[in-house]
Amino acid sequence: MANAGKTAFIFGVTGQDGALVAAELLRQGWTVHGGSRRGHVSKLWRLEELGILDKVNLVNVNLLEPFQIVEALTSLRPDHIYHFAAESFVADSFHQPHSVIATNVVGTLNVLETMRIAAPGAKLFFASSAEVFGVPPATGFLDETSALQPINPYGVSKLAAQNLVKVYRERYGIHAASGIMFNHESPLRARNFVTRKISYNLARLKLAGGPPMSLGALDAARDWGAAADYARAIPLTLNLDAAEDFVFATGRKTSVKQFFEYAATAAGYDPVFEGHGVAETCRDRKTGQALAAVSEKYFRPFDTQPLVGNPARLKERTGFAGSRDAAAVAEEMVAADLKRRKDGAIHV
Ligand code: GDD
């Protein structure tokens with residue numbers, strides 16, 4: 001195999017992106033070590049579902065324990081390091097700003113300092129976020145040259161970490177690339193994110209019935225790409241001679257309501273929306289079954305306006321062909337959740 005003898009270390013291997021990149025690297029013949037925090041046994045379901053739990057060497061690493069990082073990287077000597085470990089739920093970042101800043105900024109600093117001292121020859125991919133942009137441009141799409149104006153503690157944390165990556169790249173010559181990741185979804189998404197909340201609950205409604213799901217702003221919109229497509233592109237960025245920052249995006253905007261319609265249709269429903277604002281509801285036209293209602297509980301006082309990215313640099317440098325659209329992702333997520341429920345796997 002082309003990559004026999006090559007070793008990767010993935011911080012956050014039990015999350016959506018870590019698990020998908022681990023599967024991609026294993027497919028390419030890499031040896032994969034993955035950092036996860038002990039006690040997070042319940043999070044191993046992604047590796048299990050991908051059939052790679054026994055192929056990834058799990059290492060107990062807490063990003064806020066620098067010596068654990070030193071120990072892992074000096075003993076395993078990875079060629080490539082992927083850093084996905086983060087507190088990633090934007091809405092929570094107003095309620096727990098200290099832990100968001102600690103994990104996302106200090107945690108990233110600990111990885112960079114360890115690389116500087118103990119593994120300067122390794123290459124790093126850091127998962128930053130579209131939230132670093134904060135506000136949409138007056139015209140056009142966001143790219144690597146756009147203004148960086150985060151509007152929540154999460155966005156501030158990702159921008160600080162992305163800037164640290166740049167400083168270590170420029171100051172110490174470390175090969176470190178940031179992916180400015182727009183929203184990307186898959187059946188491996190956690191259930192607190194809106195796309196998976198929708199696919200999970202549609203499968204529940206279809207196969208077990210029960211009350212409609214409660215959602216927040218239906219007119220909110222995102223640039224939703226396919227996590228599996230991005231996971232194939234991420235390792236390509238480390239094969240380049242020069243390290244850079246890359247926007248990962250589709251260039252297309254989809255509202256929560258549109259995503260819901262794609263998903264509900266994939267589940268065999270004919271969704272009809274009625275009412276406005278907090279009174280808006282959705283039912284199935286054929287059976288009348290109530291599918292969704294709006295709840296103020298899920299409104300975000302400072303929600304980020306729709307941000308849409310231009311992945312031209314990524315395409316140009318790596319040959320990345322683009323990401324499947326939101327409709328295809330919704331279909332895949334609904335199919336996976338229907339299958340899980342039929343198999344009795346409802347707690348993932
Ligand atoms: N979570 C959630 N739950 N969001 C809802 C709901 C709901 O019931 N109803 C509407 N929304 C809206 C939110 O207000 C937001 O506008 C949008 O759906 C997407 O919310 P999330 O899926 O929670 O994702 P996010 O955009 O806040 O953050 C994701 O994308 C970032 C990159 O843009 C995360 O993956 C971040 O980690 C990532 O950096």
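This briefing describes the fold of one protein chain and then a number of its residues. The model is a predicted one, and its secondary structure comes to 10 helices and 15 strands. The chain has 348 residues, for which a compact globule would have a radius of gyration near 20 Å, and the 20 Å computed for this chain agrees with that.

**The chain as a whole**

- Taken along its principal axes, the C-alpha trace of the protein chain spans about 60 × 45 × 40 Å.
- Of the 348 residues in the chain, 53% count as buried, while the accessible surface comes to about 15100 Å², with 53% of that surface belonging to carbon and sulfur atoms.
- When contacts between residues at least 6 apart in sequence are considered, 75% of them join residues that are at least 24 apart.

**Asp284 and its polar contacts**

- Asp284 lies in strand E14, which covers residues 281–284, and with a relative accessible area of 2% this residue is buried, since the cut-off for that class is under 20%.
- Two polar neighbours are found around the side chain of Asp284: a polar atom of this side chain lies 2.7 Å from the backbone nitrogen of Asp270, and the side chain also makes a polar contact of 2.7 Å with the side chain of Thr287.
- Leaving aside residues up to four places away in sequence, Asp284 touches Tyr269, Asp270, Gln289 and Leu291.
- Gln68 stands 216 residues from Asp284 along the chain, and the C-alpha atoms of these two residues are separated by 52 Å.

**Thr318 in helix H9**

- Thr318 belongs to helix H9, made up of residues 312–318, and its relative accessibility of 16% means that Thr318 counts as buried.
- Beyond the residues up to four places away in sequence, Thr318 touches Leu236, Thr237 and Leu240.

**Helix H7**

- Thr237, which is touched by Thr318, is one of the buried residues of helix H7.
- Helix H7 runs over residues 227–237 and is mostly covered, with nine of its 11 residues buried.
- Besides Thr237, the buried residues of H7 include Ala227, Ala228, Asp229, Tyr230 and Ala231, and also Ala233, Ile234 and Pro235.

- Pro153 is found in helix H5, which comprises residues 153–172, and at 18% relative accessibility Pro153 counts as buried.
- With residues up to four places away in sequence left out, Pro153 touches Ser93, Phe94, Pro97, Val100 and Ile101.
- Pro271 is 118 residues from Pro153 along the chain, and their C-alpha atoms are separated by 36 Å.
- Ser36 has its place in strand E2, residues 31–36, and Ser36 is buried, with a relative accessible area of 13%.
- The residues that Ser36 touches, not counting those up to four places away in sequence, are Thr14, Leu58, Val59, Asn60 and Val61.

- Arg77 lies in the loop that joins helix H3 (66–76) and strand E4 (80–83), and at 64% relative accessibility Arg77 counts as exposed.
- The phi angle of Arg77 is near 45 degrees, which is a positive value in a residue other than glycine.
- In general, most residues other than glycine have a negative phi.
- Lys342 is found in helix H10, which spans residues 326–342, and with a relative accessible area of 62% Lys342 is exposed.
- Although Lys342 and Leu207 are 135 residues apart along the chain, their C-alpha atoms are separated by 7.9 Å.

Note on methods:
Residues numbered from 1 in each chain as written. Predicted model: local features only at pLDDT ≥ 70, side-chain atom pairs only at ≥ 80, totals over all residues. Heavy atoms only, no water. Helix = DSSP H or I, 4+ residues; strand = E, 2+ residues; numbered from the N terminus. Rg over C-alpha atoms; globule rule 2.2 N^0.38 Å. Buried < 20%, exposed > 50% of the residue type's maximum accessible area, 1.4 Å probe, protein only. Contact = heavy atoms within 4.5 Å. Areas by Shrake-Rupley, 256 points an atom, 1.4 Å probe, with all protein chains shown as cover. Polar contact = N/O pair within 3.5 Å; in protein donor to acceptor, adjacent residues only side chain to side chain.
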